[in-house]
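Here is a report on one protein chain. Keep the sequence and the model side by side while reading.

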Amino acid sequence: MVESNLIRPGERVDDLERNGYRIIQNPERFCFGMDAVLLAGFADGARGERFLDIGTGTGILPLLMEARTKIPHLWGLEIQPESADMAGRSVKLNGLEEKIEIVTGDIKEADRLFEAASFDVITCNPPYMIGQHGLQNADMSKTIARHEVCCTFRDIAEMTAKLLKPGGHFYLVHRPFRLSEILVTLTEKKLEPKRMQLVYPFVDKEPNMVLIEAVRGGKPRMSVEKPLIVYESPGVYMPEIREIYGY
């Protein structure tokens with residue numbers, strides 16, 4: 001009965017294959033993809049006690065990070081009230097109200113919602129497209145998730161630098177075509193890139209994602225990890241991907 005009260009018309013409940021956790025999603029809005037799962041697998045949750053996911057959508061990153069780490073307090077910040085409400089209901093669905101908090105708000109005003117230098121770990125799966133890059137969806141919720149409508153990457157980096165503790169870690173997933181801009185912006189904001197991994201759909205294809213770890217105030221030196229290949233053959237995941245998914 002409790003579960004039925006949490007599900008709205010048009011929504012579905014998906015199994016996350018982690019700790020029995022489930023997530024509420026609406027296929028008509030924006031559902032999480034592989035990039036969020038890979039980001040959760042790339043991020044190191046042993047870094048501290050306070051975690052924030054910027055642009056959390058339906059709350060996938062806080063749920064996955066709580067499932068695979070021992071971080072005791074996790075927050076998700078989401079500008080779209082409908083998505084934030086869905087994320088909050090997923091938190092209740094999994095009985096995680098004492099560990100995960102979903103906050104509705106604008107990343108550009110996050111320093112009014114949270115104290116400066118108060119997080120050990122911040123993650124972000126930001127909008128990838130600038131302006132007219134890619135096809136803008138008629139559904140505004142999907143457009144906001146995919147395009148820099150409400151904030152730019154510079155906005156995200158600037159606020160992350162304010163909210164992270166000195167030595168705190170920032171993890172993000174993005175598109176390789178913006179890599180030079182991303183690295184320059186992170187460095188300008190004193191978020192030193194420390195680790196990078198390119199993700200390839202197949203071994204003989206170009207990379208379509210990049211995972212980056214940056215440290216606030218870190219010293220210049222970045223390691224590039226071996227490529228992450230998603231598919232062994234069409235529809236068949238590589239062993240590393242199956243492990244990340246928890247299969």
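The sections below go from the whole chain to single elements and residues.

## Basis

This is a predicted model; local features need pLDDT of at least 70, side-chain atom pairs count only at pLDDT 80 or more, and totals for chains, interfaces and linings use all residues. Residues are numbered from 1 along each chain as its sequence is written, and side-chain values use heavy atoms, with hydrogens and water left out.

## The chain as a whole

The protein chain has nine helices and 13 strands. Helices (H or I, at least four residues) and strands (E, at least two) are DSSP runs, numbered from the N terminus. Of the 247 residues, 49% are buried. Buried means under 20% relative accessible area, exposed means over 50%, and partly exposed lies in between (1.4 Å probe, protein chains only).

Contact means heavy atoms within 4.5 Å. Take the contacts between residues at least 6 apart in sequence: 69% of them join residues at least 24 apart.

Strands β1 (12-15) and β2 (22-25) run antiparallel and are joined by four bridges. Two strands pair if DSSP finds at least two bridges between them. V13 has I24 in β2 as its bridge partner. Six residues lie between the strands of this hairpin.

Two residues of the loop have positive phi. E17 sits in the loop between β1 and β2, with phi near 60 degrees in a residue other than glycine. N19 is found in the loop between β1 and β2. Its phi is about 55 degrees, although N19 is not a glycine. E17 is partly exposed, because its relative accessible area is 43%. N19 has a relative accessible area of 53%, so N19 is exposed.

Helix α3 (residues 60-68) is mostly covered, with eight of its nine residues buried. The buried residues are I60, L61, P62, L63, L64, M65, E66 and A67.

Helix α2 (residues 34-42) packs against α3: the two axes come within 10 Å and cross at roughly 35 degrees. Axes are lines fitted to C-alpha atoms, for helices over the stretch in contact, and angles run from 0 to 180 degrees between N-to-C directions. The crossing is right-handed. That term applies if the near helix is turned clockwise from the far one by less than a right angle, and left-handed applies if anticlockwise. On the α2 side, A36, V37, L39, A40 and G41 meet I60, L61, L64, M65 and R68 in α3. By class, this contact has eight nonpolar, one polar and one charged residues. Ala, Val, Leu, Ile, Met, Phe, Trp, Tyr, Cys and Pro count as nonpolar, Asp, Glu, Lys and Arg as charged, and the others, Gly among them, as polar.

T58 lies in the loop between β3 (50-54) and α3. Is T58 buried or exposed? T58 is buried, because its relative accessible area is 6%. Which residues does T58 touch, leaving aside its neighbours within four places in sequence? The contacts are I23, I24, Q25, F30, S83, M86, A87 and S90. One of them, I24, is also the bridge partner of V13.

## Strand β9 and its neighbours

Strand β9 (residues 209-216) is mostly covered: seven of its eight residues are buried. Strand β7 (residues 164-174) runs antiparallel to β9, with six bridges between them. There, H174 stands opposite V210 in β9.

Strand β8 (residues 191-200) also runs antiparallel to β9, joined by eight bridges. Here R195 stands opposite E213 in β9.

## Aromatic pairs

Rings of Phe, Tyr and Trp (its six-membered ring) pair if their centres lie within 6.5 Å; planes under 30 degrees apart count as stacked, over 60 as edge-to-face and the rest as tilted. By this rule there are six aromatic pairs. F42 and Y171 form one that is edge-to-face, at 6.1 Å centre to centre and 85 degrees between the planes. This pair links distant parts of the chain: F42 is in helix α2 and Y171 in strand β7, 129 residues apart.

F42 counts as buried because its relative accessibility is 6%. Y171 is at 0% relative accessibility, so Y171 counts as buried. Elsewhere, F202, Y231, Y237 and Y245 form one aromatic cluster.
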